[in-house]
Amino acid sequence: MTVESKTVVIGAGVLGLTTALQLARKGFKSVTVIAQYLPGDDHPDYTSIWAGADYVPVSQGGTEEAQWDVEGWQELSKVAKDNPEAGVWFQDRTGYYRNEDRTQESFNIWWRDVVHGFRYLGKEEVPDFADWGTFYRTLSLDPSTYLLYLQSQCLALGVAVRRATIAHIREAFSHDGAGTTAADIVVNCSGLWASKLGGVMDERVVPMRGQLVIVENESHGIFFYSGDGTFQKEIGECSYIINRPAGRGTGLGGSSYISWDREPDMDLAERIMRRSIKICPQLVPEGSGIEALRVIRHQVGLRPVRIGGPRVESELLPDGHGGELRVVHCYGAGGFGFQSSYGMANKAVTLVEEALGLPK
């Protein structure tokens, strides 16, 4: 099917670019992405590039969000197998747990058959500081590399990408700058900025602050630690390691709490590094401490969380002249934007088709 309707996508993060790509794959011939920040930029407000990012669903089984995660695994697995340049890799993930943080009996996950080779680790298979563990093969991504890949895929299918800053969602309908309603429909993938975009102003969208230390040292896998009794709950302190092959460094994390502050907390950074060496000693030469970690940078990212869950729905907005404008919203994924991107984008595409009255 070929669709000539003019479609504008707001935002060039992972959801915006994935939605544009899926629209193009469904035969939409006039798709334009408009965004203040584009792949290759490193501005703090370009939230997608500051992600971890690996595939570990947090959704509940049987929900729409779980289906999004399944669709994400299916598509990202294909990318990892067929497109080594995309910045998506299969990696082993090992988790260490203390019973006081979480028992194995309570670890009832629906996605154990989605990832590869899931199994539990007994006490004899984990370090002394843990009671049990998990092991499976999952996916990880380098955000900057992957966003450039997504953009290249969009461009190859004829999607236009335009740098533009808008203050109100109505402006997206005049993306050609002519002051006329050029677009038939707009898909709002503005992420965190849905909280500030005129015509949207979603007060449920909040910045969930995360902090990483990116180091040269390689962990040769992904690692997670449930706690050591010193995690500061008020900042959602946690401990994880995500290796990024192809020279992209290793991410050590982290934290999760609502804040617009983008300055790294160096005390937190020190705790992150010490815990990382504890759960992954191979990061440094035997007997070495954090002084052996070759730090590339300290970074803070703001996850675009929407209280109550992501928003993927249609809306008719007044055009200011007695008419209505067709909008599909697709934002608010927070820390699971990469892994759920294809699922959320696919739903957004379906809503676009319905809003335009296209045959099923």
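**Sheet, helices and cysteines**

Val8 stands opposite Val186 in strand 7. The model is a predicted one, in which local features need pLDDT of at least 70 and side-chain atom pairs count only at pLDDT 80 or more, whereas totals for chains, interfaces and linings use all residues. Residues are numbered from 1 along each chain as its sequence is written, and side-chain values use heavy atoms, with hydrogens and water left out.

Strand 1 (residues 3-10) and strand 7 (residues 185-188) pair in the parallel sense over four bridges; pairing requires at least two DSSP bridges between two strands. Strands (E, at least two residues) and helices (H or I, at least four) are DSSP runs, numbered from the N terminus. An open sheet of six strands has the order 6-2-1-7-15-14, with mixed pairing. Strand 6 (160-163) and strand 14 are at the edges, each with a single partner strand, so one side of each lacks a neighbour in the sheet.

In helix 2 (residues 64-82), the end C-alpha atoms are 27 Å apart, in agreement with the 27 Å that its 19 residues should span at 1.5 Å a residue; the expected span is 1.5 Å times one less than the number of residues. Buried residues (under 20% relative accessible area, 1.4 Å probe, protein chains only) of helix 2 include Trp68, Trp73 and Leu76.

The structure holds zero disulfides, a disulfide being a pair of cysteine sulfur atoms within 2.5 Å. The closest cysteine sulfur to that of Cys330 is in Cys189, at 4.5 Å, too far for a bond. For Cys154 the closest is also in Cys189, at 11 Å, again too far. Cys154 is buried, at 0% relative accessible area.

Conventions: Buried < 20%, exposed > 50% of the residue type's maximum accessible area, 1.4 Å probe, protein only.
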